[in-house]
Number of protein chains: 2
Amino acid sequence: MKKGRISNNVIRRLPKYLRKLDELAEKGVDRISSGELGMQMGLTASQIRQDFSCFGEFGQQGYGYPVKSLRQEVASILGMNRGYATILVGVGNLGRALAENFDFRSNGFTLLAAFDINPSLIGKRVAGIPVYSMSDLKDFIKLCKVDIAVIAVSKDAARHVAAQLSDCGIRAICNFTNTDLGLRDSGVLVEDVHFSDSFYALSYYLTERLKREELEPAPSSLEK
Amino acid sequence: MKKGRISNNVIRRLPKYLRKLDELAEKGVDRISSGELGMQMGLTASQIRQDFSCFGEFGQQGYGYPVKSLRQEVASILGMNRGYATILVGVGNLGRALAENFDFRSNGFTLLAAFDINPSLIGKRVAGIPVYSMSDLKDFIKLCKVDIAVIAVSKDAARHVAAQLSDCGIRAICNFTNTDLGLRDSGVLVEDVHFSDSFYALSYYLTERLKREELEPAPSSLEK
């Protein structure tokens with residue numbers, strides 16, 4: 001299967017396709033047309049066709065896309081068949097929420113352990129995962145060949161923890177600290193997650209809607 | 001100031017500009033060129049110029065962008081000067097993490113109250129915000145003219161809570177339940193936040209990097 005260079009926008013849409021295809025498979029849908037898929041996802045049929053054409057020749061004109069194999073293909077492009085060894089650093093409210101709400105295993109990640117400095121957490125389990133002391137971090141990463149670290153520590157600790165992880169040879173970090181980790185030239189892949197972005201986007205769309213409503217003249221009493 | 005139709009991609013970049021402009025203002029930077037701003041943000045100078053041109057004539061050729069007034073303009077476009085009345089529904093680990101980690105007030109939102117069904121939380125405060133019973137939700141929304149609800153309840157409760165909020169006249173929902181709220185035709189603006197998207201994107205980029213490394217031949221022993 002041909003794989004062209006996939007644009008960042010398409011990559012960001014892949015998880016949405018994955019969720020939708022899972023939902024369709026659950027409902028027993030075998031094939032779906034680009035038009036129907038687009039309607040369900042708020043995209044145009046041509047955008048859908050364009051996105052999937054990045055993966056090669058997929059689906060047959062007039063027959064739609066095969067749900068299960070398209071799902072497999074998207075998952076494979078996302079590396080979900082690789083079972084990346086993952087650790088969580090920081091087991092506060094946010095770290096706990098991440099461990100509890102994201103099903104790492106069924107999404108192709110292997111969440112091995114969590115780390116914290118809080119003595120009351122060390123030796124316990126969170127969402128079934130053992131919590132170790134930060135002083136064990138280095139040895140653990142070396143021993144278990146960890147690929148990805150999810151950081152959910154406080155802002156103050158973020159850069160120090162990130163530097164430690166980089167020194168230990170971590171390849172990729174999912175950063176929930178809401179601050180820059182200062183790893184730009186380290187070679188570590190960093191995905192910054194900012195909750196605030198969603199609030200801002202919502203605020204933008206609400207503001208645009210309110211502005212439109214303010215512009216729309218109130219119905220005149222002469223009109224029915 | 002001219003305001004053209006702003007594309008979704010630009011809107012999604014606005015929060016990133018906001019954070020960067022805040023950082024620059026903190027460092028005492030008054031003006032910044034598109035080239036320098038681009039370098040700091042991993043964008044091209046022409047992308048920066050194109051993005052800002054959506055807001056009208058901003059910055060002067062050869063003089064760069066004025067940091068403070070550009071920051072104000074971006075904040076205003078995002079509706080951050082509107083002080084939207086906001087509530088949080090669901091005060092588990094995730095809801096608590098949101099209330100504690102996102103500074104609603106300094107970001108232009110007014111977080112009025114939180115709601116939960118857990119009797120041990122009702123009457124308490126979380127991040128300084130009072131927690132009320134879900135049975136008070138309807139009256140509260142009516143009385144306080146709430147604009148935005150942030151939902152962080154369990155998946156099972158998500159649709160029911162969303163329908164309640166829609167019935168109460170909420171205009172916009174920030175959805176952290178990781179499930180579809182079923183409000184497509186309700187007129188309520190919904191921003192779905194999926195943590196998993198960040199994990200997937202990181203997994204994709206890591207996979208691409210590993211594939212590239214696998215393709216690169218190991219250095220031959222004949223080469224120095």
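A polar contact is a pair of N or O atoms within 3.5 Å; within protein, one must be able to donate a hydrogen and the other to accept it, and residues adjacent in sequence count only if both atoms are side-chain atoms. Across the interface of chain A and chain B, 24 residue pairs are in polar contact, both residues at pLDDT 80 or more. The model is predicted: local features need pLDDT of at least 70, side-chain atom pairs count only at pLDDT 80 or more, and totals for chains, interfaces and linings use all residues. Residues are numbered from 1 along each chain as its sequence is written, chains are lettered from A and ligands numbered from 1 in the order in which they are written, and side-chain values use heavy atoms, with hydrogens and water left out.

Chain A can be laid on chain B by a turn of 180° and a shift of 0.0 Å along the axis, with an RMSD of 0.0 Å (least squares on the C-alpha atoms of residues with pLDDT of at least 70 in both copies). The two copies are thus related as by a two-fold rotation axis. Of the residues of chain A, A:Asn93 comes closest to that axis, its C-alpha lying at 2.4 Å.

Contact (heavy atoms within 4.5 Å) joins 64 residues of chain A to 64 residues of chain B. The area buried between the chains is about 5900 Å² (accessible area, 1.4 Å probe, that two parts lose on being put together, summed over both). Carbon and sulfur atoms give 62% of this area. In chain A, the most area is lost to chain B by A:Phe199, A:Tyr200 and A:Leu202, together 14% of what that side buries. Of the interface residues of chain A, 100% are also interface residues in chain B, so the copies meet through the same surface.

Eight salt bridges are counted between the chains (a side-chain nitrogen of Lys or Arg within 4 Å of a carboxyl oxygen of Asp or Glu). One of them pairs B:Asp197 with A:Lys16, the closest N and O atoms being 3.3 Å apart.

A:Ser196 is placed in helix 8 of chain A (helices are DSSP runs of H or I, at least four residues, and strands runs of E, at least two, numbered from the N terminus). A:Ser196 is buried, with a relative accessible area of 5% (buried is under 20%, exposed over 50%, partly exposed in between; 1.4 Å probe, protein chains only). Leaving aside neighbours within four places in sequence, A:Ser196 is in contact with A:Asn178, B:Arg19 and B:Phe102.
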